Amino acid sequence: MDGSAVEVAAAPPLIVVSDLRKRYGRRPILRGVDLSIGAGQVVALLGANGAGKTTLMRSIAGLSKPDRGEVRLGGAGLQSAGHELRRYVGVVSHAPLLYESLNGLENLRFFAKMYDMQGPDERIEALLREVDLWPRRHDLVRTYSRGMVQRLAIARAILHDPPVLLLDEPDTGLDEPSAQMLHELIQHLAASDRAILFTTHHFGRALAWSDEVCLLRDGAIAVQRSASELTLAELRTLYVAKEPSEPTAAENKSSVSAADETDIFSPDHVDAGTVDAGYTDDEYENVALAAVPVRMATEGGVAAFWRKVWAVASKDVRTELRTKEVLGTMAVFGVLAVLIFGLAFDLRVPQATMVVPGVIWVVLLFTGVLGLNRSFGSEVDQGSMTSLLMAPVQRGAIFCGKVLSGWLFIWVTLLLVLPVVLVIFDTSLFQPWVLLALLLGSFGYVVVGTLFAALTANSRARETLLPILLLPVLVPLFVAGLSLTGNVLDGRADSNLGSWFSILAAYGLFFGLLSFAVFDLIWEDS
Amino acid sequence: MSSSTANQSLLAGIGGWGWAQLLLNATTVLAMGVVIWASLLYAKPATNLAGAEQFAQRIFYIHLGCAFAALGAFLMSLIGSIAYLITRNLDWDRATQASVEGGIIFGAGITISGAIWARPTWNTYWTWDPRLTTALITVLIYVAYLLFRNGIDNREQRARFGSIYALVAFLTIPLTYESARIFRSIHPIIWDGSNSEAEGGFEGIGATMGQTLTVALIGFCLLFSALMIMRWQQLRLEDQVEGLRERLY
């Protein structure tokens, strides 16, 4: 580290990062970062592209799992504390992490639900006025300018009044008045005991806005100096310097031997142990609680879980009503498919109705894929998935919310398509057993489909991969649904009716539980 | 380097597990030779069949051997995927991938050998019999696994997502198998039960048939083990090369 070390902050540190290491593949991104930020302290993190700034931010936010080392927020270990600790962090990224098809007000209301805030309207109004977006609150985010989106992203980050704020290039896209507003906001938040870490490529802002400047180089903190001790020229010199005059402590740590590097992924090399900064748990708790004056819902457990499930599902429905991207496509594709089947088969022969079960289930499978592809795809594309994952919400609630909205979309499509099948094939479809078979079958389908949609959301060519992964796995469901529907429509009192229903129910139940259990694994390092 | 030094370093490289692997590979080659000999020459023909059908019946040893090896491979992929999700050791992920690739090869073996047998027996290479369909879908599920892996760039993410898919994929198979069994099938059941509607089955397994079948099952299991270990080593080397490349650039 650079010669003039900074004095330890008087307040107990809210952010403690110790020996943090992270690799992508075999490429080391963070090579043993140590950082401590106290309440009321603003730290600017500088570094060239690829230095590891965003990875460090994501690790502190709990979005990226470190290979080694530890992050403690308010005294609690990020890995051990679980999703509740996310309540104490607010993040602004260079991506807006907002829902483009919701308006500003709806975005903040949705995230207020995710953070269990009670009666949030007053705070939302205050925040929207603070960031000068109150007059535009009913406008869709996609109609906002870049600066407005960034201001709304800042409002979202501080909505739940977190004691820890991570701002990854928050000044990107802001004009000078907006940047000034952001500076004032940072000062105001620091004055009320928040710990703020922000990254920027703007040296002047780094010095003016922060108490301390950290320079990240090759995945380790190379320089850590008080902002008041540095001039712009000195900071530039330090920034461009390849090697500091003396090896720093951080660099000594980062220059691990080849043997060490090889061992990083070995099972014996997972945990670096805990950090003892010399503060008691009570002190940490006092700081954290004092910094969160917003009202949170008191009820937890199952009620809070289902409230979030409902919030995710209703947000999807609201988004769909605005964009009409999924339902419209599914319905039109479904009707077209039925019409094509109608043209393909000779409907004058009495046996024509035998194809009806096949038509229904094939249409269900193919229209469903269209909807499922958008389930997580659009969230990942616009970055809103990241903000959802940063909220103190169990991954299972996100999964259930997505299943609920996906199931609803499939049923709306079916209710539009089935009358067309009825008219073209002249078959009485609306029978209780047929509807029950479709109800159970579509549930099993959406459960597995939602899991696979989440799996493929981050992969290349997800549009083509999802059906390839999904359709073979759906065969038992397809076989059972097809046989059941066929037997009922034929009026056959089939002894296997119970067996088919059992397969449909078992499929939905078994894969529902399995998907719920493994869903967390998908997003653990997103 | 002189040839004696080269031989010495080769032998040193083979040492330890290398010798065990060499022994496994040699045993596998020998066992597969015995399987072919026993299937074609040693096993007595099925007495209730005649002509081309009787000769085609001999493929049954290869067919069942492939089925046994494929089952082992997919079971191994299940174990590998669970072990990876628990330990996060990439060796388990490599074991899953190697097993799936082996399983696909043996799955293709089941389908091809079945089609060759079906031509003289059922007078067609392929029919949408539930058993045949099930086997084909199983292979397709695992082909999808390989395609899926190919679509993910991050190594750890590829391993994690691949393991989740392999887990779900394997658990689908019993359900697929069960749902297909409810349908009537013309596929003969030789092992564990019978099928009155089967076409082309043979009555009972005689002494030489039983011995040949045992040798075939052992031989194919050895073949799968040898292939899996070699592929696992190759995948390990691929990762090492990738790591070196990343360090260089």
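Two strands pair if DSSP finds at least two bridges between them. With that in mind, welcome to this predicted model, where A:Asp168 has A:Thr199 of β8(A) as its bridge partner. Chain A holds 20 helices and 10 strands, and 29 of its residues are in contact with 32 residues of chain B.

**Chain A as a whole**
- Of the 526 residues in chain A, 51% are buried.
- Among the contacts in chain A with a separation of 6 or more, 79% join residues 24 or more positions apart.

**The open sheet**
- Six strands form an open sheet with mixed pairing, in the order β6-β7-β8-β3-β9-β10 (chain A).
- The edges are taken by β6 (89-92) and β10 (220-226) of chain A; each has a single partner strand, so one side of each lacks a neighbour in the sheet.
- On average, neighbouring strands of this sheet are turned by 15 degrees against each other, direction ignored.
- Inside the sheet, β7 (residues 164-168) and β8 (residues 195-199) of chain A run parallel and share 5 bridges.

**Helices on the sheet**
- Helix α5 (residues 146-158) of chain A packs on the sheet and touches β6 and β7 of chain A, its direction making about 170 degrees with that of β6(A).
- Helix α6 (residues 176-191) of chain A also packs there, touching β3 (42-46), β7 and β8 of chain A, at about 150 degrees to the direction of β8(A).

**Where chain A meets chain B**
- On the side of chain A that touches chain B, α18 (462-473), α19 (475-489) and α20 (497-522) of chain A each supply at least two residues.
- The most comes from α20(A), with 7 residues.
- By type, the residues on this side of chain A are 20 nonpolar, 5 polar and 4 charged.

How values were computed: Residues numbered from 1 in each chain as written. Chains lettered and ligands numbered in written order. Predicted model: local features only at pLDDT ≥ 70, side-chain atom pairs only at ≥ 80, totals over all residues. Contact = placed C-beta atoms within 7 Å. Helix = DSSP H or I, 4+ residues; strand = E, 2+ residues; numbered from the N terminus. Nonpolar A, V, L, I, M, F, W, Y, C, P; charged D, E, K, R; others polar. Buried ≥ 20, exposed ≤ 12 C-beta atoms within 10 Å, placed from the backbone. Axes fitted to C-alpha atoms, helices over the stretch in contact; angles between N-to-C directions.
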